[in-house]
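Hello,

Here is the structure for you to take over. My notes follow below it.

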Amino acid sequence: MDEETGAGEVSLSDLQLSLMRVLWARGEASTAEVAEALRGERDLAHTTVATLLTRLEKRGLLASRREGRALLYTPQVSEAEVQRSMLGSLLDNLFAGRASALVSHLLEARGVDAKELAELQALLKQRKGETR
């Protein structure tokens with residue numbers, strides 16, 4: 001674990017992210033509650049969810065406590081920490097660490113409406129003011 005952020009390099013699959021999102025939203029949940037929350041989006045067997053949660057716990061991303069017969073899981077990293085780590089890896093691996101190349105790609109590849117463009121401009125203006 002990184003002392004500054006609380007997380008080291010964290011990379012999660014889409015399925016792992018789905019489980020983590022349930023836990024980030026709820027704060028704590030049992031295997032059955034996670035499986036139920038994902039029903040419709042992903043119909044996973046209870047044993048599959050249990051295995052995935054156990055693996056995330058072994059990586060230090062979750063903690064568990066027993067309540068009766070159920071294990072309750074709580075996230076040990078924030079969604080922002082995971083986003084920061086995964087975006088950092090993406091930036092380094094695909095864009096040679098250049099944020100401008102990432103932003104350029106996003107602007108070209110995705111439809112950015114006027115509202116979102118204004119938000120980006122405001123963020124850049126704010127950031128520029130902070131670096132002076």
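L15 touches R42, L44 and L52, not counting residues up to four places away in sequence; contact means heavy atoms within 4.5 Å. L15 is found in helix α1. Its C-alpha atom is separated by 29 Å from that of S100, 85 residues along the chain.

This is a predicted model: local features need pLDDT of at least 70, side-chain atom pairs count only at pLDDT 80 or more, and totals for chains, interfaces and linings use all residues. Residues are numbered from 1 along each chain as its sequence is written, and side-chain values use heavy atoms, with hydrogens and water left out.

Q16 also lies in helix α1, which spans residues 14-26. Helices (H or I, at least four residues) and strands (E, at least two) are DSSP runs, numbered from the N terminus. Q16 is buried, with a relative accessible area of 16%. On that scale, buried means under 20% relative accessible area, exposed over 50%, and partly exposed in between (1.4 Å probe, protein chains only). Leaving aside neighbours within four places in sequence, Q16 is in contact with S11, L56 and R59.

Now the overall fold. The protein chain has six helices and three strands. Along the sequence they follow the pattern α-β-α-α-β-β-α-α-α. The radius of gyration is 18 Å, well over the 14 Å that the globule rule gives for 132 residues, so the protein chain is more spread out than a compact globule. That radius is taken over C-alpha atoms, and the rule is 2.2 Å times the number of residues to the power 0.38. Along the principal axes, the C-alpha atoms fill a box of roughly 55 × 35 × 25 Å. Of the 132 residues, 27% count as buried. Among contacts between residues at least 6 apart in sequence, 52% join residues at least 24 apart.

Next, the sheet. The three strands form an open sheet in the order β1-β3-β2, with antiparallel pairing. Two strands pair if DSSP finds at least two bridges between them. β1 (29-30) and β2 are the edge strands, and each pairs on one side only. Two bridges join β1 to β3. S30 has L72 in β3 as its bridge partner. Six bridges join β2 (residues 62-67) to β3 (residues 70-75). A63 stands opposite T74 in β3, and E67 has A70 as its bridge partner. β2 and β3 form a hairpin with two residues between them. In that turn, G68 has a positive phi of about 65°.

One more backbone point is worth a look. A96 has a positive phi of about 50° although it is not a glycine. Most residues other than glycine have a negative phi. A96 lies in the loop between α4 and α5. Is A96 buried or exposed? A96 is exposed, with a relative accessible area of 66%.

Last, the largest pocket. About 480 Å³ of space lies in it. Of the 14 residues that line this pocket, the closest to its centre are L87, L102, V103, L106 and L120. The elements that give two or more residues to the lining are α4 (79-95), α5 (99-109) and α6 (114-130). The largest share, five residues, comes from α5. The lining divides into eleven nonpolar residues, one polar and two charged.

The pocket terms are as follows. On a 1 Å grid over the protein atoms alone, a pocket is an open set of points where a 1.4 Å probe fits, with protein on both sides within 12 Å along at least five of seven lines; lining residues have an atom within 4 Å of a point. Grid points are joined across faces, edges and corners, and a volume is the space filled by probe spheres set on the points. Ala, Val, Leu, Ile, Met, Phe, Trp, Tyr, Cys and Pro count as nonpolar, Asp, Glu, Lys and Arg as charged, and the others, Gly among them, as polar.

Best wishes
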